[in-house]
Amino acid sequence: MYLFHKMENYEVYQGKQWSYRNICLILCLFARTCVSNPSKPNFLLILADDLGIGDVGCYGNTTIRTPNIDGLAKDGVRLTQHIAAAAVCTPSRAAFLTGRYPIRSGMASSTQQQVLFWNGGSGGLPPNETTFAKILHQQGYSTALVGKWHMGVNCKTRHDHCHHPLNHGFDYFYGMPFTLVNECQDTDDPELAKSLQETYWFYTQMIILAVFTLVIGKLANLFPVKWKIIICLTICGLLHFISWFSSYGFTKYWNCILMRNHDITEQPMNLQKTTSNMLKEAITFIERNKHRPFLLFVSLLHVHTPLITTEKFQGRSRHGLYGDNVEEMDWMVGRLLDVINKEDLKNTTFIYFASDHGGFLEAHRGHSQLGGWNGIYKGGKGMGGWEGGIRVPVVQLAGGAVPQDRVMDGHTLVPLLQGTEQHSRHEFLFHYCGVFLHAVRWHQKDSGTIWKAHYVTPVFQPEASGACFKRGICLCFGDGVAHHDPPLLFNLSQDPSEANPLSADTEPLFDNIMKRIRRAVEEHRRTLTPVPQQLSPYNNIWKPWLQPCCGMFPFCWCHEENNKA
């Protein structure tokens with residue numbers, strides 16, 4: 001059985017192709033075959049990075065070829081309205097693994113930094129969170145994560161690995177503990193806090209200019225100034241420069257690394273070999289565990305900038321480098337399907353394909369667009385108002401049980417898979433941008449209508465562009481958002497593009513709808529409890545003593561071929 005998903009809420013495909021939403025790619029559940037051992041099926045979860053809903057052929061794209069993904073969609077039952085819990089990587093992936101809104105685990109940010117910024121930070125997925133990997137591990141599954149993690153490494157020391165995948169239910173890990181960024185390639189503008197780096201560099205230049213001016217003035221007797229003052233200013237300037245350049249100036253070494261379990265294999269990573277290495281690791285895991293139940297989570301680096309694409313696929317698509325990267329991703333999906341078929345596992349394996357959130361509209365290189373296309377849907381990556389919610393796809397199918405000691409926001413997919421239900425069990429979904437509630441979605445059970453109320457929306461730059469091009473990514477609060485009172489209300493059943501907001505004059509039920517949504521928000525907020533903020537400024541700064549390093553810090557560089565022994 002193949003499960004092709006675009007994270008979150010859903011309804012069974014009934015012949016209409018009204019897919020939902022731009023936040024996470026598609027969810028299709030492909031029932032091409034029956035699972036012969038439903039109590040212990042294998043699970044192959046494939047998660048793309050920044051893939052837009054309009055980037056694949058089964059959703060109407062004619063410029064990018066995705067035959068393997070399209071084949072899954074063609075042969076199976078497709079679920080729609082399957083939406084991510086967040087519009088950026090770290091919180092979305094935390095929700096995907098735990099079945100809980102990121103705000104419950106502290107993985108939602110109250111600052112402008114919405115994701116983890118460093119391998120050497122102290123924030124990450126708390127050890128007390130229960131992931132589906134932990135539950136399946138307890139059920140006797142062999143579990144592995146190949147690819148991107150981006151949910152932290154260490155807490156207090158360089159080797160405690162409290163946030164590491166092996167501490168969250170995975171028996172094996174090979175991949176990036178962080179995420180791809182432009183700094184990994186050294187060919188594009190900085191991606192991590194570009195404006196902040198520009199500010200730091202501006203202040204550094206001002207201090208250098210001040211010191212130079214004082215020295216010239218002193219030597220030329222233009223004005224009296226003590227050498228002590230000049231020396232103190234020079235030392236302050238030097239400390240300021242070291243404080244920021246020691247982290248941002250070496251991002252490639254600190255963040256662009258590969259690990260096998262707890263060991264660093266490449267620092268910095270060899271980007272040209274990363275795709276083949278990760279695919280080889282995934283295939284080897286399947287072959288090694290074909291006689292026992294397994295969970296393999298393939299967390300792809302595609303199609304995140306800087307769009308690392310092997311030479312074989314460069315120039316092949318009609319959509320530039322981004323299209324090339326998507327087509328290479330589809331080829332990787334095909335290779336994984338091939339090994340499942342080769343090992344005669346297709347009747348005992350659920351295959352689940354998704355994206356962590358929607359396409360990155362603001363990504364560009366010069367005048368070339370490097371981000372995805374989200375079809376008819378408004379917004380994209382970083383815009384927290386688009387359809388949200390959470391799903392735990394594997395726990396019940398594996399014979400496990402979800403935790404009973406905490407609030408769980410996800411619902412099982414089993415009734416949908418069995419055909420005993422036709423719609424999501426969710427009545428309300430709460431769409432957060434960081435810790436800020438931006439929108440609420442209500443599936444009105446009696447009428448089947450889907451309403452969505454926006455309390456906060458991002459301010460697009462330019463205004464009619466549909467994205468935040470001047471900032472690089474939309475903000476969650478402050479002058480980067482607009483507040484709405486009364487909220488903007490849309491009937492998603494009739495207006496999935498959210499183009500025509502309703503009012504009391506145009507919708508007779510407006511007041512009743514808003515009253516019911518307000519009551520749901522109040523009930524939801526009563527279920528929230530304070531937790532440590534994993535993305536706080538302190539947790540999200542670079543700490544040298546936490547930096548993973550394969551040598552004697554700060555001399556951190558190594559390559560796998562030199563370390564096989």
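In this predicted model, the contact (heavy atoms within 4.5 Å) between helix 8 and helix 9 brings Thr 275, Leu 279, Ala 282, Ile 283, Ile 286 and Glu 287 of helix 8 against Glu 328, Trp 331, Met 332, Arg 335, Leu 336, Val 339, Ile 340 and Lys 342 of helix 9. By class, the residues of this contact are nine nonpolar, one polar and four charged; Ala, Val, Leu, Ile, Met, Phe, Trp, Tyr, Cys and Pro count as nonpolar, Asp, Glu, Lys and Arg as charged, and the others, Gly among them, as polar.

Helices are DSSP runs (H or I, at least four residues), as are strands (E, at least two), numbered from the N terminus.

A cavity is a set of points on a 1 Å grid where a 1.4 Å probe fits but cannot get out, and lining residues have an atom within 4 Å of a point. Strand 6 (142-148) likewise supplies at least two lining residues. The lining includes Thr 275, Leu 279 and Met 332, and divides into seven nonpolar, four polar and no charged residues.

Residues are numbered from 1 along each chain as its sequence is written. Local features need pLDDT of at least 70, side-chain atom pairs count only at pLDDT 80 or more, and totals for chains, interfaces and linings use all residues, while side-chain values use heavy atoms, leaving out hydrogens and water.

How values were computed: 1 Å grid on protein atoms, 1.4 Å probe; cavity = no way out; pocket = protein on both sides within 12 Å on 5 of 7 lines; lining within 4 Å.
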